[in-house]
Amino acid sequence: MVRKAFPTASKRIGLLRLMLSKHFSIDMAIQYLYRYLKVPGLQRFICDQLISVEPNALEPFIPQLCHTIVWEVSRSAEIEELMIRMSLKSYSFSVTILCYL
């Protein structure tokens, strides 16, 4: 899978419409977080959307998030903040992160 750089203006509008729609799911959000690692504003927007989700819904995606944090250290500040906030919400979430790290 080739990572995309900065989306063009027309793609940004379509991407925003997709992310604000009811069809945008958690697995799509994780995929877009990885695909657009070079776009910090998009990462921030997706992480802000994911903060409102219950930690139990994000638990299946902890391995992917931990992988991104470990291998993309300079680009994963927003993902790290998301993981910290979810860990504060749920003890089991934080223990699962500990097991993967």
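Contact, in this talk, means heavy atoms within 4.5 Å. One more term before the structure: helices (H or I, at least four residues) and strands (E, at least two) are DSSP runs, numbered from the N terminus.

Now the ground rules. This is a predicted model, where local features need pLDDT of at least 70 and side-chain atom pairs count only at pLDDT 80 or more, while totals for chains, interfaces and linings use all residues. Residues are numbered from 1 along each chain as its sequence is written, and side-chain values use heavy atoms, with hydrogens and water left out.

The overall layout. The protein has 7 helices and 0 strands. Along the sequence, the pattern reads α-α-α-α-α-α-α. Of the 101 residues, 39% are buried. Buried means under 20% relative accessible area, exposed means over 50%, and partly exposed is in between (1.4 Å probe, protein chains only). Take the contacts with a separation of 6 or more: residues 24 or more positions apart account for 68% of them.

Next, the core. A nonpolar core is a set of buried Ala, Val, Leu, Ile, Met, Phe, Trp, Tyr and Cys residues joined through side-chain atoms within 4.5 Å. The largest one here has 29 residues. Those with the most contacts inside it are Ile-30, Leu-33, Ile-46, Leu-50, Leu-58, Ile-79 and Met-83. Two or more residues each come from α1 (9–20), α2, α3, α5, α6 and α7. Look at Leu-50. Leaving aside residues up to four places away in sequence, Leu-50 touches Ile-26, Ala-29, Ile-30, Leu-33, Leu-58, Leu-82 and Met-86.

On to α6. Helix α6 covers residues 77–89, 13 residues in total. From first C-alpha to last, α6 reaches 19 Å, close to the 18 Å expected at 1.5 Å a residue. That expected span is 1.5 Å times one less than the number of residues. Which residues of α6 are buried? Glu-78, Ile-79, Leu-82, Met-83 and Met-86. They sit on the same side of α6, because they cover an arc of only 140 degrees around the axis. The arc is that of the directions from the helix axis to the C-beta atoms. In general, an α-helix has 3.6 residues a turn, so residues three or four places apart point the same way. The face of α6 turned away from the buried side carries exposed Ile-84 and Leu-88. What do the buried residues of α6 pack against? α2 (26–35), α3 (40–51), α4 (55–58), α5 (62–71) and α7 (91–100).

Now α5. Its buried residues are Ile-62, Leu-65, Cys-66, Thr-68 and Ile-69. Their arc is only 160 degrees, which puts them on the same side of α5. The cover over them includes α2, α4, α6 and α7.

Then α7. Phe-93, Thr-96 and Ile-97 are buried. These three span an arc of only 100 degrees, which puts them on the same side of α7. Exposed Tyr-91, Leu-98 and Cys-99 lie on the face turned away from the buried side of α7. Among what covers the buried residues of α7 are α4, α5 and α6. Ser-94 also lies in α7. Ser-94 counts as partly exposed because its relative accessibility is 23%. Ser-94 and Glu-59 are 35 residues apart in sequence, yet 9.6 Å apart in space, C-alpha to C-alpha.

Last, a ring. The charged end of Arg-35 sits over the ring of Tyr-32, 5.3 Å from its centre. The criterion: NZ of Lys or CZ of Arg within 6 Å of the ring centre and within 35 degrees of the ring normal.
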